[in-house]
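Please keep the sequence and the 3D view open while reading.

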Amino acid sequence: MAETIDLTGDGGVLKTVIRKAKDDAISPSDSLPLVDVHYEGTLAENGEVFDTTHEDNSIFSFEVGQGAVIKAWDIALRTMKVGEIAKITCRPEYAYGSPGSPPEIPANATLIFEVELVACKPRKGSSLGSVSDEKARLEELKKQRELAAATKEEEKKKREEAKAAAAARVQAKLDAKKGKGKGKGK
């Protein structure tokens with residue numbers, strides 16, 4: 001029997017791996033936040049199926065961590081790898097809570113999902129390469145800004161030192177003139 005993992009520490013989201021993914025399989029990440037899943041959801045109290053992608057063999061896609069799905073899914077999918085199938089048991093506070101989602105899901109329902117992570121992809125308009133390229137570009141811009149700020153600070157310091165030196169020379173000339181003026185008058 002597979003081990004059940006408490007993903008939230010309070011028994012709110014329990015995960016049991018039904019089929020392990022390959023060791024080198026990818027997981028959702030900041031650069032791969034879009035996931036495709038197959039799933040079947042049942043009510044824990046009576047085993048009744050309330051939603052499934054298996055009947056029409058469709059794929060459900062969403063972005064992990066954006067609140068587009070119930071809290072339990074955002075938590076559980078982050079721990080999965082492509083190819084993995086897991087049973088995810090969700091207490092009401094991690095699913096639809098006290099309102100439920102009538103008519104299929106009653107109030108305060110504990111839900112059980114069998115979820116298969118089919119794919120992880122980058123956001124639309126970006127590719128793996130462009131995501132890492134963009135991170136590198138932003139890092140380079142940051143370095144350039146820091147260097148420019150340091151150079152600007154150094155130039156400011158030099159201007160202040162030059163001003164102070166010029167002021168000291170002017171003061172020395174004024175002091176010298178005062179000294180000469182006193183000598184002539186005597």
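## Aromatic cluster

Ring pairs link Y39, F50, F60, F62, W73 and F113 into a cluster; here, rings of Phe, Tyr and Trp (its six-membered ring) pair if their centres lie within 6.5 Å, with planes under 30 degrees apart called stacked, over 60 edge-to-face and the rest tilted. The structure is a predicted model, in which local features need pLDDT of at least 70 and side-chain atom pairs count only at pLDDT 80 or more, while totals for chains, interfaces and linings use all residues. Residues are numbered from 1 along each chain as its sequence is written, and side-chain values use heavy atoms, leaving out hydrogens and water.

By the ring rule, the count comes to eight aromatic pairs. One of them joins F50 and F113 edge-to-face, at 5.6 Å centre to centre and 85° between the planes. Because F50 lies in strand β4 (residues 49-52) and F113 in strand β7, this pair ties together parts that are 63 residues apart in sequence; strands (E, at least two residues) and helices (H or I, at least four) are DSSP runs, numbered from the N terminus. W73 and F113 also form an edge-to-face pair, at 5.1 Å centre to centre with 80° between the planes. Since W73 lies in helix α1 and F113 in strand β7, the pair ties together parts that are 40 residues apart in sequence. W73 and F113 are both buried, where buried means under 20% relative accessible area, exposed over 50%, and partly exposed in between (1.4 Å probe, protein chains only).

## Backbone details

Most residues other than glycine have a negative phi, and most peptide bonds are trans. A cis peptide bond, with omega about 5°, joins P102 and P103, and P103 lies in the loop between β6 and β7. N108 is found in the loop between β6 and β7, and its phi is near 55°, a positive value. N57 also has a positive phi, near 55°, and sits in the loop between β4 and β5 (60-63); N57 counts as exposed because its relative accessibility is 58%.
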